[in-house]
Amino acid sequence: MTPSRFRVRLNDQPLWLDVEPGETLLQLLERHGYRMPRSCRNGVCEICEFELILGEIQQHYPKKHLHAYNNKKESDIVGLACTSVPLSDLWVNIKGLKRPGEQTVKRLNCDIAQVEKLNNDVYRVSLVLPATASQAVAFYAGQYLEIILPDGRQAAFSIGSAPEAGRNLELHIREVAGSDMSSAILHHLQTKKQVEIEIPKGECYLRADQLAENTPVILAAASTGFAQIKSIMEHLLASGKNNPIYLYWGARVAGDLYHLELPLEWAAQNPNVTYHPVVSEPGDQCGWTGRVDLLPNAIKQDFDSLEDVVVYTSGSPAMVYALLDALEEKGLKEEQMHSDVFAYAPRPKK
């Protein structure tokens, strides 16, 4: 006889998840991308506890038969998800349940490994996350963190390293002349052993496992916006994706392209990567022999149609919205473009 197939409702969510025959509650959750507190997976640590609101379930270790039919939103009937198999449709409540893609923002102290100058005003800051499991952090390529100074002031910086770098984080921080905040951050990073951060933040990110095959990807960075784009690029390359990737890095003068060799290496080593550096105001003393243009114009000129691409861009609100307007002329829809600007500097709908 074929085992019955049941459904499970989680917390207050209206969605029901289909259970495979013999599947434990924990296996069901993780198959659908949910996360809950858990450790041993064999019923010993008792971390993966759930409340049974409605239904019947068999817990194999410690062995017990659980059932609840009063349909109340709170229950004193508890079980362990890792060894519990549904015997009917279920409604369960799980504290600490994380939906697919949902993240936990943490405040923690990082070691400052290195601060080095990349050009006349941009510093590469290397941080190391704590090694303890309780302070482990997961982030997506393209997200940012906030540095918290001892006096409570905070500032946001894109994470310039991919998630695949593990505990090692990279930031690109520009020194802003005349800014007390900029001076205070760089002074702290250059003189202290640790810095407090909040991580992860931001809804502009790319997950390679959700990128449709063969979809062209345009990565457009202005100035130190390159850090966010670098994280996304390195994540795509680490994932082995073969999607066409078009990287555009725009700056006012050539000296602002502070990481000259890295994008050239990406393009040389990966046939699906094309790199376009663009300078808008080279001047007579610059020595720049490459492309001279504004970033939005350069990208618009290079494509006949942008109906099937996805765009990730990082820069000032003026640049991002100029880019959106330019690319819409080639068929791009706003939902195809991703930028943190849309969250912190929204403009009125047309």
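Modeller: The C-alpha centres of domain 2 and domain 3 lie 24 Å apart. This is a predicted model, in which local features need pLDDT of at least 70 and side-chain atom pairs count only at pLDDT 80 or more, while totals for chains, interfaces and linings use all residues. Residues are numbered from 1 along each chain as its sequence is written, and side-chain values use heavy atoms, with hydrogens and water left out.

The protein is divided into domain 1 (7-93), domain 2 (106-201) and domain 3 (208-343), with bounds from an automatic or database domain assignment. Let's settle on the boundary between domain 2 and domain 3. There, 17 residues of domain 2 are in contact with 16 residues of domain 3 (contact means heavy atoms within 4.5 Å). Together, domain 2 and domain 3 bury about 1,400 Å², and 51% of that is on carbon and sulfur atoms; buried area is the accessible area (1.4 Å probe) that two parts lose on being put together, summed over both.

Now for the polar side. Between domain 2 and domain 3 there are 10 residue pairs in polar contact, both residues at pLDDT 80 or more. A polar contact is a pair of N or O atoms within 3.5 Å; within protein, one must be able to donate a hydrogen and the other to accept it, and residues adjacent in sequence count only if both atoms are side-chain atoms. The two domains also share two salt bridges (a side-chain nitrogen of Lys or Arg within 4 Å of a carboxyl oxygen of Asp or Glu). Asp256 pairs in this way with Arg174, their closest N and O atoms being 3.7 Å apart.

On the side of domain 2 that touches domain 3, β9 (122-128) and β12 (168-174) each supply at least two residues. The largest share of that side, three residues, comes from β12. Strands (E, at least two residues) and helices (H or I, at least four) are DSSP runs, numbered from the N terminus.

Arg174 has another salt bridge to look at: with Asp121, the closest N and O atoms are 3.2 Å apart. That pair links distant parts of the chain, since Asp121 is in the loop between β8 (106-117) and β9 while Arg174 is in strand β12, 53 residues apart. The whole structure holds 18 salt bridges.

Next, the sheet within residues 217 onwards. Six strands form an open, parallel sheet in the order β17-β16-β15-β14-β18-β19, where two strands pair if DSSP finds at least two bridges between them. Its edges are β17 (291-292) and β19 (337-338), each of which pairs on one side only. Strand β14 (residues 217-222) runs parallel to β18 (residues 310-314), joined by five bridges, and Ile218 stands opposite Val311 in β18. Helix α6 (residues 317-328) packs on the sheet, touching β14, β18 and β19, with its direction at about 155° to that of β18. Helix α4 (residues 261-269) lies across β15 (245-251) and β16 (273-279), at about 150° to β16. For these angles, axes are lines fitted to C-alpha atoms, for helices over the stretch in contact, and values run from 0 to 180 degrees between N-to-C directions.
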